[in-house]
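Please read each point with the coordinates open.

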Amino acid sequence: LAAALLQRSDAIDNQRKIRPALARNRRTEDDPDEIQEITPLAEEALAVTAQLLADCCPDEADVRLLRSRALIRLGRNEDAEREMQRGLLQEPEHAQIQELRETVTALDDLKTRGNAAYKEGDLSEAIRLYSLALERDPAHVDTRTCATLYYNRSAAYRRRGEFEEALHDVNLSLALHPKWCKALYRRGMLLLECGRYAEALTEFKVVQRADPTFDDDLEDWLRRAHNWLAKAQGEVNYYRFMRLPMDSSKDEIRKQYHRLCLMWHPDKSGGTEESRERFEELQRAYKFLMDDERRARYDFGMWREKLVRHHVKRREKVKDTWDDSNAGDDMQLPHWYDDSLLDEKVESIYWGNEGPPEWLQEKRRQHRRRMYGADAA
């Protein structure tokens, strides 16, 4: 039972949903949270193994192995290490416990070395080390660490301007850890930088509703998403052209400009007309992005000073049906009703061949009588 519970606790099999930031955004008490919990099965496996150890198998190394896996699944690696030590005391040659312990240790070591390379700016080495760690655990037994490795590798790809690869990695991170706000936030950034503006806006709203205080820059990213979604199709994107994250500092823009100059200078790229045009476009992009005022208008547009607090909005669900028995002058109208529905020209647009509901037909008859007299049909 414990083994089956662990197998079914795999996060990839669970849908991603997000918990509303405000309780009032739950329509009824019966509505579930918008993030589906993925840990109860591992927690139940932990309870089963505890009962086994207490009742009948205190010296069973296999039970210690299952308990260690459940703890790792829950991100409690220190507790898992203690369980593995106890299991090896009971059975020093237990191959599966030894393998699990070696895997967890190797992943932690490679992650630490990758993080150090990333901080030093050696992105290629960081990506190599993160990749080695993921190859070390292809089954993602240490689920949380693998999610972190994918997340960290996506950060390195993003800094190199490889946005599609970074998006792929952050998607894998979220498959393993769906409730992780940091990864949801990163995915919003990457969707925006990949030109998928509507999806990016949705993702940022999700993060804000899950945790409005998550990051000081979250509202700026929401403004960016709103603005880029409203831009004319085909408008030049200097960030993608220069392979820069949208929140790059001036120093990062300058470094990338010098790097691209070495790659794209006409003397080094064949001297063709295309290479000269690309180099001239690079000069324009660099001058544009180094101008703070122009860049701010480019990034935020009319949204620069607007509030973007989606987490405080009430949400209402439109009913699929309407009770016609309440039709009348003093009836309470649905929140989506407005007087434009009295115009019969919109009938086919709103209601199709079946026509409007009976209560609206009565409202229209009352409207005609007020406008044209009691004899109006």
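1. Over the ring of which residue does the charged end of Lys306 sit? The ring is that of Trp303, with the charged end of Lys306 4.7 Å from its centre. A second case involves Arg224, whose charged end sits over the ring of Trp221 at 4.5 Å from the ring centre. A charge is taken to sit over a ring if NZ of Lys or CZ of Arg is within 6 Å of the ring centre and within 35 degrees of the ring normal.

2. On provenance, this is a predicted model, in which local features need pLDDT of at least 70 and side-chain atom pairs count only at pLDDT 80 or more, while totals for chains, interfaces and linings use all residues. Residues are numbered from 1 along each chain as its sequence is written, and side-chain values use heavy atoms, with hydrogens and water left out.

3. The largest pocket has a volume of about 690 Å³. It is lined by 27 residues, of which Leu123, Arg159, Arg160, Pro245 and Glu252 are the closest to its centre. A pocket here is an open set of points on a 1 Å grid over the protein atoms alone, where a 1.4 Å probe fits, with protein on both sides within 12 Å along at least five of seven lines; lining residues have an atom within 4 Å of a point. The volume is the space filled by probe spheres set on the points, which are joined across faces, edges and corners.

4. Helices H6 (123–136), H7 (143–159), H9 (181–193) and H13 (250–264) each supply at least two residues of this lining, and H13 gives the most, with 7 residues. Helices are DSSP runs (H or I, at least four residues) numbered from the N terminus. By class, the lining of the largest pocket divides into 11 nonpolar, 5 polar and 11 charged residues; Ala, Val, Leu, Ile, Met, Phe, Trp, Tyr, Cys and Pro count as nonpolar, Asp, Glu, Lys and Arg as charged, and the others, Gly among them, as polar.

5. The second largest pocket has a volume of about 250 Å³, and helices H3 (61–73) and H5 (95–119) are the elements that give two or more residues to its lining. H5 gives the most, with 4 residues. The lining includes Arg69, Glu99, Arg136 and Asp137, and in total it has 5 nonpolar, 2 polar and 4 charged residues.

6. H7 is mostly covered, 14 of its 17 residues being buried, where buried means under 20% relative accessible area (1.4 Å probe, protein chains only). Just after H7, Gly161 takes a positive phi of about 80°.

7. The model has 11 aromatic pairs, a pair being two rings of Phe, Tyr or Trp (its six-membered ring) with centres within 6.5 Å; planes under 30 degrees apart count as stacked, over 60 as edge-to-face and the rest as tilted. The rings of Tyr151 and Trp180 have centres 4.8 Å apart and planes at 40°, so this pair is tilted. Because Tyr151 lies in H7 and Trp180 in the loop between H8 (163–176) and H9, the pair ties together parts 29 residues apart in sequence. Tyr151 is buried at 9% relative accessible area, and Trp180 counts as buried at 15%.

8. The rings of Tyr238 and Phe288 also form a tilted pair, with centres 5.1 Å apart and planes at 45°. This pair links H12 (residues 238–242), which holds Tyr238, with H14 (residues 273–289), which holds Phe288, across 50 residues.

Notes. Buried means under 20% relative accessible area, exposed over 50%, partly exposed in between (1.4 Å probe, protein chains only).
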